[in-house]
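Q: Could we go through this structure together, starting with the way its chains meet?
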Amino acid sequence: MLGIIPIMFLFLTLVNLYILVYAFTQSKRCEICHIALGFTLLTFVILYLLTMDLSLVANSNALLLMIKKFQSLLVNIYIIIFFLILTGSINLLYKEKKSLKESITRASIKESIDNLPMGLCFSTKNGIVLLSNRSMNQLCHKITGSELQDGEFFWEKVMEKRRKFEDSLEVTGQIHILQLNNGETWSFSRNPIKVNNKDGVQITATNITELFGLRSQLKKKNLEFMKMNSRLHQYSENLSHIKSKEERLATKTQLHNELGYILLATRRALPNKELDKEGQSILALWKQNIAALLSGRGLKEKNAFEELLEAALDIGIELKLKGKLPQESENKDIVLKAAIEALNNAVRHAGATKLNLTIKEVEEEYTIELTNNGILPKEEIIEGGGLSVLRERVEGRGGKMGIDIEPIFKLWIRFPQGREVDTYD
Amino acid sequence: MIRVLIVEDDPMAQKLLENFIENSGRYKVIGSIASAGFAETYCLKHSVDLILMDVCTALGVSGLEISAKIKKIKPDIKIIIITSQPECDFINRAKTGGVDSFWYKSSDEKEILELMDRTMAGESIYPDCTPSLQIGYAWNTEFTPRQLEVLRELTSGDTNAEIGERLGISPNTVRDYIQQMLEMTGLQNRTSLAVAADKSGLVNKNY
């Protein structure tokens, strides 16, 4: 029986040591240290009880003394070991608490992302949610009416609702905007990421309600501003006509004033029976002023085509128009510039007497063709100042310009109609 | 006889000029056209000694631009710009384009004939200043050249950024110039300023 004691002692000591070594290699060191301490106490109690039993059955004083000495040694050793383990445990406990404060744990990550104002969700490629925060869970509830359990399903719902709303918003790119029933506006994005070397997905949502409100206001103001600018454009264009009219009116007024003076001079000269030198000059003045007034008689405001027609006749070209001149000022201007260029070239290089201007309007695009009855160019046409300026302007509008030489000389232009801002609500 | 081409879109003014010239005995009208867009071609096809060129001509073509082109290809042709527009930059642009003389329209026969004679004799005659006019509380002489540049662009209805880009200055500088002009004229806003400037003829962006 006595022989068991050292074996038990050795066994329990080894178990304690093993537990202690194991404790130092594990993250939950504190708990394991407490187990070790418990084992130590247990070992002490068992050994003490065993030696107590032995002392009762000891049949000699010498043996009893030996047992007592052993018990005393046992107590001393275990008191030392107990205090060693206790101080070691306290030390470990302190270190563990300190490390908990300084290191990031799963709980601290979850807590921090829950406090983020934005919505965040990490999931696998198949949609299994790895981590999501409070905002995203609430958003999922509002959008799908259920818990966030499948990231892919949630994204599909976001895309469905986004489309209905976003089509009218002209939002492009990777950001998707969605307006909730409660009036909040959120922007969503989805990006692939790597989670533990596996493909995963990160979905983020940002509350842009305020920003979106400001954007809408800005858009509204910009539209108003554009309308105002467009009206100013229109005004400026109309003003040219008004000024031209005013100039003509001023000429008329001057002519009428002149006539007043001539009338007075005529009245003064009338008593003279013979038409002397003064009479001749008065007559010349009458003729001059009447001729000027007559040239303005029945003068009505000309439209752009009538002006072009008359200007073409000034250089001896008969112009024929097939189609209708564009109404929009910028488009009309391009056609007029092209016609002026073609007329000048027809006279200078082709010796033409007729020019045909064809304007077609197909699928929100204008096609302009200019042909003449002059001689065909013998060499390749090198675009000079006028044509290159015209090309620049047409291409600047997203159009095309070309010159065909065969079978007839043709200058053609194609350009989109463009969108004019509606100046009236 | 000196051969004259008249470029004028107002038929009455055109007729008056024709009468003045024909009556002079020294000049002969060889053509009258309404748009400066065809003046260059006309000069290439006909012998012209002198052009009386309006600035604002038919089809929206600027007489100043075409005059500069004609002067490049036919420097011997004398050109007199005739206009009733008080745009402050017309005189400068005419000088830059090599135009010989500049005349603010009137019905005074002697005045224009004398100007034509002196121009043909090799003189270059320009008015000392543009006609006086007022925008709000400010006279045209009170504006600086840079302010007038901004004012001209303002009539286009473009934004400060677009105006700034064209003039090579920042949008904030454009805004400052506009603010200065609003204070000078006492006008309420940029639109009123643009409309007043356009209406007065002090600036004219179209030609």
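A: To begin with a term, contact means heavy atoms within 4.5 Å. This is a predicted model, in which local features need pLDDT of at least 70 and side-chain atom pairs count only at pLDDT 80 or more, while totals for chains, interfaces and linings use all residues. Residues are numbered from 1 along each chain as its sequence is written, chains are lettered from A and ligands numbered from 1 in the order in which they are written, and side-chain values use heavy atoms, with hydrogens and water left out.

Q: How many residues of chain B are in contact with chain A?
A: On the chain B side there are 47 residues, and they are in contact with 38 residues of chain A.

Q: And how much area do the two chains bury between them?
A: Chain B and chain A bury about 3,600 Å², 57% of it on carbon and sulfur atoms. Buried area is the accessible area (1.4 Å probe) that two parts lose on being put together, summed over both.

Q: Which residues in chain B lose the most area to chain A?
A: They are Met12(B), Phe38(B) and Leu59(B), which together account for 22% of what that side buries.

Q: Where does Leu59(B) lie?
A: Leu59(B) is in the loop between β3 (50-54) and α3 (63-73) of chain B. Helices (H or I, at least four residues) and strands (E, at least two) are DSSP runs, numbered from the N terminus. The phi of Leu59(B) is near 65 degrees, a positive value in a residue other than glycine.

Q: Is Leu59(B) buried or exposed?
A: Leu59(B) counts as buried because its relative accessibility is 4%. Buried means under 20% relative accessible area, exposed over 50%, and partly exposed in between (1.4 Å probe, protein chains only).

Q: Which residue of chain A has a positive phi, near 45 degrees?
A: That is Glu363(A), again a residue other than glycine. Glu363(A) is found in the loop between β7 (354-362) and β8 (365-372) of chain A, and with 75% relative accessibility it counts as exposed.

Q: Back to the interface: how many salt bridges does the rule find across it?
A: The rule finds one salt bridge between chain B and chain A. Its partners are Glu40(B) and Arg348(A), whose side chains meet at 3.6 Å, N to O. A salt bridge is a side-chain nitrogen of Lys or Arg within 4 Å of a carboxyl oxygen of Asp or Glu.

Q: What about polar contact there?
A: Six residue pairs, both at pLDDT 80 or more, are in polar contact across the interface of chain B and chain A. A polar contact is a pair of N or O atoms within 3.5 Å; within protein, one must be able to donate a hydrogen and the other to accept it, and residues adjacent in sequence count only if both atoms are side-chain atoms.

Q: Which elements of chain B give two or more residues to the side that touches chain A?
A: They are α1 (11-24), β2 (27-33), α2 (39-45) and α9 (190-200) of chain B. The largest share, eight residues, comes from α1(B).

Q: A change of topic: where is Ser156(B), and what does it touch?
A: Ser156(B) lies in the loop between α6 (145-154) and α7 (160-167) of chain B. Not counting residues up to four places away in sequence, Ser156(B) touches Asn229(A), His233(A), Arg166(B) and Lys205(B). With Arg166(B), the side chain of Ser156(B) makes a polar contact of 3.4 Å. Ser156(B) is buried, as its relative accessible area is 7%.

Q: Why are Glu114(B) and Arg118(B) separated by about one helical turn?
A: The reason is that they are four residues apart in helix α5 (residues 109-120) of chain B. Arg118(B) also forms a salt bridge with Glu123(B), with the closest N and O atoms 2.9 Å apart.

Q: Which residues of chain A are linked in a network of salt bridges?
A: The network links Asp333(A), Lys337(A) and Arg393(A).
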